[in-house]
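Notebook open, structure loaded. I wanted to look up a few spots and jot down what I found.

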Amino acid sequence: MTLPSGFPLPTLDRLGASLTPAVNPEEIVSKWFSAFTKSAEAGDVEGLINLFMSESYWRDILAFTWDFRTFIGSDKINQFLKDRLSASKAKMFKLRDDYLGLQQPYPDIAWIGFLFDFEVGDVRKASGVGRLMPQSDGSWKAHTIFTNLEELKGIPEKVGQMRESRMDHGLWSAQRQRAAAFEDKEPIALIIGGGQGGLTVAARLKMLGVPALIVEKNPRIGDNWRNRYKALCLHDPVFIDPLPCFYRFPSNWPVFSPADKASLQLLIAGWLEYYAEAMELNVWTSCEVTKAVRNEASGTWTVTVECFSDRKERTFYSIKHLVFATGFNGNQPNIPMYPGTDSFEGQIIHSSQYKMASNFAGKKVVVIGACTSAHDITADVYHAGIDVTMYQRSSTYVMSAAKALYSENGPPIEIADLISASFPNAFSLCSVFYSLLLNQYVATASRELIEGLSKRGFRVNKGIEGTGAMVLYLTIGSGYYLDTGAAQLIIDGKIKLKNDSLLQSFTPTGLKFEDGSEISADVVVYATGYGNARSVIRKICGDEIGDKCKDAWGLNAEGEMRGSWRDMGVPGLWYAMGNFSMDRSHSKYLALQIKAMEENCFGPRYSSS
């Protein structure tokens, strides 16, 4: 796998620069930003380029490009500005007073960070984040600039002072039932899936006045969590997971909910169900989208929905936006095929079917896989007093769960999201030098854990080209484990480990390996992830549409997501995929694109292809 190509780490030595005690961040940024503003508003590309390092990055999300783009190096930034600066008519630049200051994440790396706001033509309000680095001649130039669409002018989200202020005098219930039924009109957007991805998109669209309907096949919102294994454990800190309109989890919620908190998935499920009701989202449960046909002439979709309760169908004929929010890679289990499977006398399930260890009391369990679900399940089985073996097919990246930008005393969630997005993936994640440095720091913090696993024989790695967990997440969505306790069970030998030979076949009583060894098993759990997201698109929309779609997950040459949250290659078809954090931040981008299209103020899209 080839990672996006960035530049070597801009250390002070590499820049030939140094820091002096007399550095005045406010004065430096004010001078630079004044020149930046003057050149940007005048459409002076040469003037802007002179403010950048040659090895620099400009990331833009929808503000100048109506797309997700990262321009790597001054030559590509120059071409982007020639193509888009004058046409965009950027104006009203204003430097923010807060979050401006000198930052030194490592002894030999330093920058001055700052935030700003501006407008793009008569349509868009945007924000930005900049980082200036010292140069050998004593000047400061931009290393990264991030520009970000915040809202459409005149169409703010209906929150805070923009919320509904009229009294309903007892009409609310009837109005809600009528709105959710869509009996006399059709929704503009139909969202397939009522997990956190579908809910966040629907909430964002509602705040922008776009009628949307969620179709969820389960009986209740939150069942996608209720139906998961009882040992489910979140591996992200609670601070990173608030939902749009900034619904934070209760202040007494654990930072990392422990694996033995058996009601965790019930708490999350209830929280999502409450969110859907509190946000007054239109939801049809116990219903499934069975078919969607693209009408090229009208640019709409004909969508058939089957309701399980009465086995009746409802067909919508003019859906403008079809949003797939069906989970990571469509929640289509990936189950490898091995010879002898049919002869196995025990039980074979995928991790998506696993509920609780007590179902296997007195049996021998083998879990195939060595990433997050495999660790959670093997730990659960062990704690139930059941014999369990993890079969590790390939090495795994392991680190202690940690928290950083998103924390108890961190910046407000909208600021944290802005700052997080401002680091181009081509630099912060895929620049081998930077990621190696960051990974080295994490490895130091997790050293005892890694050494213990290695001594036990568990195969660990440092991620793709040494870049750690985040690149694995953004490229293949697997291959890592953020430890919440299972690693120590492996180190202590409480979870048995098999990884010294490749699995050859099933036998009637277990598994046989290429070196001739065998493991007896009554239950085999495939913790082997999920397939391609396009499989669920093919199922509903057909192969012709599926062939036209981009891959939903993974990074392109610029370090941006290939398809999720942006143009998927088929007009009016979208895919919403990610964790709580990505669903919160990127649902806004998807909703803004849809709203701009509905207001006829979208585009043109300045894409990489």
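I call a residue buried under 20% relative accessible area, exposed over 50% and partly exposed in between (1.4 Å probe, protein chains only). Helices (H or I, at least four residues) and strands (E, at least two) are DSSP runs, numbered from the N terminus.

Ground rules: this is a predicted model, where local features need pLDDT of at least 70, side-chain atom pairs count only at pLDDT 80 or more, and totals for chains, interfaces and linings use all residues. Residues are numbered from 1 along each chain as its sequence is written, and side-chain values use heavy atoms, with hydrogens and water left out.

Entry one, strand E21. I looked up residues 503–507 and found 4 of the 5 buried, so E21 is largely enclosed by the rest of the structure. Which strand does E21 join through 4 bridges? That is E22 (residues 510–513), and the two run antiparallel; I count strands as paired if DSSP finds at least two bridges between them. Thr507 has Gly510 in E22 as its bridge partner. A hairpin of 2 residues links E21 to E22.

Entry two, helix H14. Here 7 of the 8 residues (468–475) are buried, so H14 is largely enclosed by the rest of the structure. I noted the buried ones as Gly468, Ala469, Val471, Leu472, Tyr473, Leu474 and Thr475. Just after H14, I saw that Gly477 has a positive phi of about 70°.

I found His143 in strand E7 (residues 140–152), and it is buried at a relative accessible area of 4%. Leaving out residues up to four places away in sequence, His143 touches Pro10, Met53, Glu55, Ser56, Tyr57, Arg131, Met133 and Phe427; contact means heavy atoms within 4.5 Å.
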